[in-house]
Amino acid sequence: MLGLGAAGVLTAPYLQRGLETFLGAASDRDPTGLTGLLPNGSGFRYYSVATSVPRKGPEDYRLTVDGLVDRPTTYTLDALRKLPQTRLVRDVQCVTGWRVPDTPFEGVRLSRILDAAGVRPGAKAVRFTCFDGTYTESLTLEQARRADVLVALKMQDKPVEHSHGGPVRLYVAPMYFYKSAKWLSGISVTSDVRPGYWEERGYDVDAWVGRSNGRADTPTV
């Protein structure tokens with residue numbers, strides 16, 4: 001029994017990663033979205049609002065920063081990696097109810113990217129677009145400047161995988177996970193908050209965990 005237990009301990013991470021890879025790949029090609037309802041060993045479920053999402057890496061990934069800024073910028077993946085990195089460990093809370101505790105994320109603080117771009121007077125919000133071609137999100141400028149909002153390059157101490165929104169996704173620690181846009185490709189500073197993909201379908205624009213969408217989950221921070 002001890003041997004079986006030890007084998008289970010040793011093989012469990014590999015089995016979990018295999019299941020995650022399988023579900024992530026299946027979800028990426030599943031137009032019904034039903035695979036997103038299946039749990040895996042890590043507790044995450046996979047969602048995409050597009051029928052397929054192109055894969056991007058160091059050669060072709062780009063993040064544009066534009067709108068009401070003095071210095072519009074385009075970052076490569078390598079350029080983002082060279083910026084100071086911040087690591088946060090917080091719970092991930094989905095508005096549908098599942099939660100993954102103590103999840104490390106690491107990346108560039110969004111406030112640093114906004115400061116580098118030079119936000120102009122009159123700006124009030126930030127709009128995010130994604131290279132899946134469909135998903136969008138927004139934050140107020142005050143929310144976007146919080147220290148716990150990252151342009152994340154790592155998740156669980158390894159590069160963000162494609163199925164989790166890699167190579168670069170947003171991570172908004174104190175809000176429900178739909179605010180943490182996957183496959184991030186654009187950051188545009190705007191004069192007002194523009195509701196994102198799910199907010200146009202009824203979700204709260206302000207998505208504080210435990211204080212929005214009619215839910216009473218324990219806050220993550």
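Which residues line the second largest pocket? I started there and got G57, P58, L77, R81, Q85, E106, L153, K154, P159, V160 and P167.

Ground rules, before I go on. I'm on a predicted model, numbered from 1 along each chain as its sequence is written, where local features need pLDDT of at least 70, side-chain atom pairs count only at pLDDT 80 or more, and totals for chains, interfaces and linings use all residues. Side-chain values use heavy atoms, with hydrogens and water left out.

**Pocket**

I noted a volume of about 160 Å³ for the second largest pocket. A pocket here is an open set of points on a 1 Å grid over the protein atoms alone, where a 1.4 Å probe fits, with protein on both sides within 12 Å along at least five of seven lines; lining residues have an atom within 4 Å of a point. The volume is the space filled by probe spheres set on the points, which are joined across faces, edges and corners.

I then checked which elements give two or more residues to this lining: they are α2 (77–82) and β7 (149–155). Helices (H or I, at least four residues) and strands (E, at least two) are DSSP runs, numbered from the N terminus. By class, I have six nonpolar, two polar and three charged lining residues. Ala, Val, Leu, Ile, Met, Phe, Trp, Tyr, Cys and Pro count as nonpolar, Asp, Glu, Lys and Arg as charged, and the others, Gly among them, as polar.

**D157**

I found D157 in the loop between β7 and β8 (158–159). D157 is partly exposed, at 46% relative accessible area; buried means under 20%, exposed over 50%, partly exposed in between (1.4 Å probe, protein chains only). Leaving aside neighbours within four places in sequence, I see D157 in contact with R87 and P104, contact being heavy atoms within 4.5 Å. P104 lies 53 residues away along the chain, yet the two C-alpha atoms are separated by 6.3 Å.

**Helix α3**

In α3 (residues 110–117) I listed L110, S111, I113, L114 and A117 as buried. Seen down the axis, the buried residues of α3 fall within an arc of 160 degrees, so they line one face of the helix. That arc is taken from the directions from the helix axis to the C-beta atoms.

**Whole protein**

I counted four helices and 10 strands, in the order α-β-β-α-β-β-α-β-β-α-β-β-β-β along the sequence. Of the 221 residues, 46% count as buried. Among contacts between residues at least 6 apart in sequence, 62% join residues at least 24 apart.
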